[in-house]
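Here is a note for a colleague who has not seen this structure before. The points below can be read alongside the sequence and the 3D view.

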Number of protein chains: 2
Amino acid sequence: MSVDTLATRGLVCPAPAAEPGRVQLGHGSGGKMSAALLAERFLPHLDNPALAQLGDAAVLTLGGESIALSTDTFVVHPLEFPGGNIGTLAANGTLNDLAMMGARPRALSAGFVLEEGLPFDVLDRVVAALGGAARAAGVAVATGDTKVVERGKADGLYLNTSGIGLVHPAFRPAPDRVRAGDAVLVSGPLGRHGIAILAARGGIDFEVELESDSAYLGPLVERLREALGEDVHALRDPTRGGLASTLNEIAGASDVGIVLREGTIPVPEAVAGACEMLGFDPLYVANEGVLAAFVPAARAAEALAALQGHPLGREAAVIGRVVADHPRMVVLDTAIGGTRIVDLLPGDQLPRIC
Amino acid sequence: MSVDTLATRGLVCPAPAAEPGRVQLGHGSGGKMSAALLAERFLPHLDNPALAQLGDAAVLTLGGESIALSTDTFVVHPLEFPGGNIGTLAANGTLNDLAMMGARPRALSAGFVLEEGLPFDVLDRVVAALGGAARAAGVAVATGDTKVVERGKADGLYLNTSGIGLVHPAFRPAPDRVRAGDAVLVSGPLGRHGIAILAARGGIDFEVELESDSAYLGPLVERLREALGEDVHALRDPTRGGLASTLNEIAGASDVGIVLREGTIPVPEAVAGACEMLGFDPLYVANEGVLAAFVPAARAAEALAALQGHPLGREAAVIGRVVADHPRMVVLDTAIGGTRIVDLLPGDQLPRIC
């Protein structure tokens, strides 16, 4: 199930066309262009301690409670795909962002932008999936808003979900709490969501049908919390930009280096095959039902057992370690003894995947 | 400053083209079609006690605290207009929704959908306005998300803001707490936002330049709370669909009738003139810096004084009363002794105003 060679092969990544002074598609990629947009266009105007943490959710003190607040807008194309639709994604995505900050999700909001002409039957399936995924996680869609824009001013529908949750007092995973000596784990195989979306766009015929891995990861987080408590240093779900982008963000936030070990990273055969055909690197393909966890190496086996004890974590693996060398850099130790830098991409391998 | 005759004149409201089974522009109007969309397409899948209240925000118990959660997506066209831009609107709009539920806002999230090709200078002004309006209200934009869609898949940018706030334990205004015997107040003159947006779209030359009234209403709410406490039965900001739609919603939620008195409703000359020219009724034009308040008639004078003591409420007025007769119906007593029903419109007078 693990594929090594792909990650070391040449990566086809068309450089985005330069159009100075304007938003480009690559700014939505989760890669270097996204980071630059955030640093140059947003943070100067919105600067505050909560936002500066750049966690998956902000953690705020309201009265006597620690409350996490998270937001995510979903613009995936197509709206429906094997394994779910934009509603599934919008529920699980925001719930996962809360869970990654150690919060137990308590409520979601839903903000729809509907394009004139959207068939009601599509809308019904999306709303049903949103409601179903929220209910499955024990959370209510407690408030909402709907706007309608003229034909040609959206792509069927866009859906923002925001969520709030209660942060557990003795469990505070955060992107800046990772330390040299930590082990890096993933809870499952990489790349299923991104490749499923690509296949659903048609025009490419993969031999095996892949489903999006979209899932609520709260139960895995709960197991890690019970097993390791505060020794869970950081959690993150590698969505847009894939595992490579997530690890780069963590390395930056904690000022550490990360070393991945080739041969240990789980990638399904179908994802590996599709990536090989397309020249993609599975490390950069989006996931919607996988988490990366950072725990002290001495407790990695316990963390692995905790993850593997749940169906969502059956294929969990320890894939690397955190080092003091080369801070802010992620590298891959290859099977033949070499080392490759796993950098942020400038823009997209695959746009509009979430 | 008050205009009576307009409200009793013929209303030009083109019936939306029927396109069965699909979303139409009128579904975003805040009128009857919006209500039907909510009842038929959303509530069946998302039903829960918080959502069923249909307040401007959901009020939830998290740990030991009452927390309000609100969301609103802004799709206004054009993005910039006299008195502000979509960023101003997105901050004040969601902060006001929290304030209307008696909450003190504590944090906002911002979810941007950017269209490829959006000039950075426009984005910068929007983000600066969002940050500035949030700061002015003492609130941080604590978390955010940005997606980019291809050219022709949005209209420059769309912006969702969600917000959380702490609900004051002894102050619980809610749409279903209005009682016969209450007085109806508005905090200021009607229709400035909707008409300013229409003028900014060009093609119509009004003699007087109007600015959007977009403003954070928290200080007015705070004054009402200090003066009347729990006797503030309900608060609502009449945005999309205008005062008429807001009053119909309140009448429905509290199962009461509302009687407005012609000649008491403040409307600026410029709004009145534009509405007369266009055949609009100012009661249905959007506001972004006005609130309607319901308090026992015996305390109306105190409430009026509380509002008028703040610059935003200088032109506040008592405009009507709540009755047990004709529940769920809003009527206007005209100066000549007649009565006109002020119903929900089916669709829009004016689309994409917020």
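**Notes on the model**

1. A:Arg352 and A:Asp155 form a salt bridge through their side chains, with N and O 2.7 Å apart; a salt bridge here is a side-chain nitrogen of Lys or Arg within 4 Å of a carboxyl oxygen of Asp or Glu. The two residues come from distant parts of the chain, 197 residues apart: A:Arg352 is in the segment after E14 of chain A, and A:Asp155 is in the loop between strand E6 (140-149) and strand E7 (157-167) of chain A. Both A:Arg352 and A:Asp155 are buried, where buried means under 20% relative accessible area, exposed over 50% and partly exposed in between (1.4 Å probe, protein chains only).

2. The basis of these values is as follows. This is a predicted model, in which local features need pLDDT of at least 70 and side-chain atom pairs count only at pLDDT 80 or more, while totals for chains, interfaces and linings use all residues. Residues are numbered from 1 along each chain as its sequence is written, chains are lettered from A and ligands numbered from 1 in the order in which they are written, and side-chain values use heavy atoms, with hydrogens and water left out.

3. Over all chains, the structure holds 37 salt bridges. One of them joins B:Arg236 to B:Asp56, with the closest N and O atoms 3.0 Å apart. This pair also links distant parts of the chain, 180 residues apart: B:Arg236 is in strand E9 (residues 234-236) of chain B, and B:Asp56 is in the loop between H3 and E1 of chain B. Both B:Arg236 and B:Asp56 are buried. Helices (H or I, at least four residues) and strands (E, at least two) are DSSP runs, numbered from the N terminus.

4. B:Asp281 forms a salt bridge with B:Arg340, the closest N and O atoms being 3.3 Å apart. B:Asp281 lies in the loop between H9 and strand E11 (292-296) of chain B and B:Arg340 in strand E14 (residues 339-341) of chain B, so the pair ties together parts that are 59 residues apart in sequence. B:Asp281 counts as buried because its relative accessibility is 3%.

5. Helix H9 (residues 269-278) of chain B has buried residues, B:Ala270, B:Val271, B:Ala272, B:Ala274 and B:Cys275. Just after H9(B), B:Gly279 has a positive phi of about 75°.

6. Which strands pair with E10(A)? Strand E12 (residues 317-323) of chain A runs antiparallel to E10(A), over 4 bridges, and strand E13 (residues 330-333) of chain A runs parallel to E10(A), also over 4 bridges; strands pair if DSSP finds at least two bridges between them. A:Leu260 stands opposite A:Gly320 in E12(A) and opposite A:Leu332 in E13(A). Strand E10 (residues 257-261) of chain A is largely enclosed by the rest of the structure, because 4 of its 5 residues are buried.

7. Between chain B and chain A, 79 residues of chain B are in contact with 79 residues of chain A (heavy atoms within 4.5 Å). The rule finds 11 salt bridges across this interface. Among them, B:Asp145 pairs with A:Arg240, the closest N and O atoms being 3.4 Å apart. Salt bridges that share partners join A:Asp72, A:Arg240, B:Asp145 and B:Lys147 into one network.
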